[in-house]
Amino acid sequence: MMNHIDSIKTIFQSRLTTLEHLLTSAQAHFGESESFLQERIIADMLPFGTQIAFTCNLPRNFALWCDGKPMDNLDPDVPSVAKAYEHITNTKELLSSISAEDKKLGELTRIALGQDLHIEMLGSAYVNDFLMPNFYFHMVTAYDILRMAGVPIGKRDYMMHLVPLLKQG
């Protein structure tokens, strides 16, 4: 039976594969141009490239937390498609190295939010109430930016993790 930490790791891994697929779809749509990395939904929201970095930060910091290491966010400036792929690949590799036990989810965790603010919560709340909502927010924002920019993707592209479960009849 899979423990909770492994289950969380599996979710992050599969969704990062989806993020990689979205990036590949954008690259196919825009060809050699990397200008889509700067696309944004509205002026005060961060661009697609930054959404890639922020999406990766959540599983990245989960892996670091599991290993008792401090948070370490990626540079939000993603100037190239190669850098975007590198962020995804490195995050998947970091997730693969996790060897924590489920008891980690019962530990009190302090999350620094900047501007001298922080939150303290149990590890399970850290995953369910902080990491996952933020992870999906940035992933959906990346998806939405690509849709708005005309990339021919749909819900099936976003829900790729369910494709192996599809049955007919």
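The structure is a predicted model, in which local features need pLDDT of at least 70, side-chain atom pairs count only at pLDDT 80 or more, and totals for chains, interfaces and linings use all residues. Residues are numbered from 1 along each chain as its sequence is written, and side-chain values use heavy atoms, with hydrogens and water left out.

The protein chain contains 5 helices and 2 strands, taken as DSSP runs (helices: H or I, at least four residues; strands: E, at least two) numbered from the N terminus. Along the sequence these elements follow the pattern α-α-α-β-β-α-α.

Helix α1 covers residues 4-30. Its C-alpha atoms, first to last, lie 39 Å apart, close to the expected 39 Å; the expected span is 1.5 Å times one less than the number of residues. At the start of α1, a side-chain oxygen of Asn3 comes to within 3.1 Å of the backbone nitrogen of Ile5. After α1 comes Gly31, with a positive phi near 65 degrees.

The table lists values for the whole protein chain.

| Property | Value |
|---|---|
| Span of the C-alpha trace along its principal axes | about 50 × 45 × 25 Å |
| Buried residues (under 20% relative accessible area, 1.4 Å probe, protein chains only) | 43% of the 169 residues |

Among contacts (heavy atoms within 4.5 Å) between residues at least 6 apart in sequence, 67% join residues at least 24 apart.

Terms used: Polar contact = N/O pair within 3.5 Å; in protein donor to acceptor, adjacent residues only side chain to side chain. Buried < 20%, exposed > 50% of the residue type's maximum accessible area, 1.4 Å probe, protein only.
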